[in-house]
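Below is what I looked up, entry by entry.

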Amino acid sequence: MKAESAQNKQQENRKRRVGRLRRAPVRLWEKAVFLGYRRSKVDQNENQALIRVQGVNTKQDQWFWLGKRVAYIYRVQNTVNNSRFRVIWGRIARAHGGNGVFIARFNRNLPPRAIGYPLRVFLYPNRSELDAAALRTIKERQAGF
């Protein structure tokens, strides 16, 4: 009797667990990597950071990411506002070539130790109306207007 009731309870618990909807966590950012600063042979612009966004490989994919916000999150020793993490915010300014690399500008220039470290590119601000208008003008130019 006791063994049967224990089995019934286990089956009921399994049904409850399966019955719950397991939602995937919503992630409003995409991974990126800080490649370095925009530079020439003899000069380097620390206020222009080159970043590569994961999953962006073509010029058509790059339109979506222009203007999106970028965050460099790093850990520090001191606790401020009950947190040991700090953030440097920036924005994607323009594309750099056609292979998923962008030029981003940050409120404070990224430190050199951040080269190779991950960044977060957030999916906002949403510019869907602007993207549609930009695509319309490109098509008009190609059509010969």
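**Entry 1: a charge over a ring**

I started with Arg-120, whose charged end sits over the ring of Trp-29, 4.2 Å from its centre. This is a predicted model, and I read the entries below with that in mind. Next I checked what Arg-120 pairs with: it is the bridge partner, in β6, of Lys-31. One step along, I found Ala-32 bridged to Leu-119 of β6. Both bridges belong to the antiparallel pairing of β1 (residues 29–39) with β6 (residues 118–122), which runs over five bridges.

**Entry 2: stepping back to the fold**

I went through the elements and got three helices and six strands. From the N terminus I read them off as α-β-β-α-β-β-β-β-α. How do the six strands close up, and in what order? I traced a barrel, β1-β2-β5-β4-β3-β6, with antiparallel pairing. Neighbouring strands of this sheet are turned by 45 degrees against each other on average, ignoring direction.

A reminder to myself on what holds such strands side by side: they pair through backbone hydrogen bonds, in a parallel or an antiparallel way.

Arg-39 has Gln-44 as its bridge partner in β2.

I also noted two totals. Of the 145 residues, 26% count as buried. Among contacts between residues at least 6 apart in sequence, 60% join residues at least 24 apart.

**Entry 3: Glu-30**

I picked Glu-30, which is in strand β1. Its side chain makes a polar contact with the side chain of Arg-27, at 3.4 Å. Which residues does Glu-30 touch once neighbours within four places in sequence are left aside? I listed Val-53, Gln-54, Trp-65, Leu-119, Arg-120 and Val-121. So Arg-120 turns up again, because a contact here is heavy atoms within 4.5 Å and Glu-30 meets that with Arg-120.

**Entry 4: aromatics**

I counted aromatic pairs and came to five. One of them is Phe-64 with Trp-65, an edge-to-face pair at 5.0 Å centre to centre and 90 degrees between the planes. Are these two buried or exposed? Phe-64 is partly exposed, because its relative accessibility is 37%. Trp-65 is buried, with 8%.

Then I turned to Trp-89 and Phe-122. The ring centres of Trp-89 and Phe-122 are 5.4 Å apart and the planes are at 40 degrees, so I logged the pair as tilted. Trp-89 lies in β4 (residues 83–95) and Phe-122 in β6, so the pair ties together parts that are 33 residues apart in sequence. Trp-89 is partly exposed at 27% relative accessible area, whereas Phe-122 is buried at 11%.

Together with Phe-122 and Tyr-124, Trp-89 forms one aromatic cluster. Arg-69 lies over the face of Trp-89, at 4.4 Å from the ring centre.

I followed the chain on to Leu-123, in the loop between β6 and α3 (128–143). Leu-123 is partly exposed, at 36% relative accessibility. I checked Leu-123 against Lys-68: they are 55 residues apart along the chain, yet their C-alpha atoms are separated by 6.4 Å. Beyond neighbours within four places in sequence, the contacts of Leu-123 are Arg-27, Leu-28, Trp-29, Phe-64, Trp-65 and Lys-68.

What kind of peptide bond joins Tyr-124 and Pro-125? I found a cis bond, with omega about 5 degrees.

As background, most residues other than glycine have a negative phi, and most peptide bonds are trans.

Asn-81 has a positive phi of about 55 degrees. Asn-82 has a positive phi as well, near 60 degrees. I placed Asn-81 in the loop between β3 (69–80) and β4, and Asn-82 is found in the loop between β3 and β4. Asn-81 counts as exposed at 75% relative accessibility, and Asn-82 is exposed at 76%.

Definitions and conventions: Residues are numbered from 1 along each chain as its sequence is written. This is a predicted model: local features need pLDDT of at least 70, side-chain atom pairs count only at pLDDT 80 or more; totals for chains, interfaces and linings use all residues. Side-chain values use heavy atoms; hydrogens and water are left out. Two strands pair if DSSP finds at least two bridges between them. Helices (H or I, at least four residues) and strands (E, at least two) are DSSP runs, numbered from the N terminus. Axes are lines fitted to C-alpha atoms, for helices over the stretch in contact, and angles run from 0 to 180 degrees between N-to-C directions. Rings of Phe, Tyr and Trp (its six-membered ring) pair if their centres lie within 6.5 Å; planes under 30 degrees apart count as stacked, over 60 as edge-to-face and the rest as tilted. Buried means under 20% relative accessible area, exposed over 50%, partly exposed in between (1.4 Å probe, protein chains only). A charge sits over a ring if NZ of Lys or CZ of Arg is within 6 Å of the ring centre and within 35 degrees of the ring normal. A polar contact is a pair of N or O atoms within 3.5 Å; within protein, one must be able to donate a hydrogen and the other to accept it, and residues adjacent in sequence count only if both atoms are side-chain atoms.
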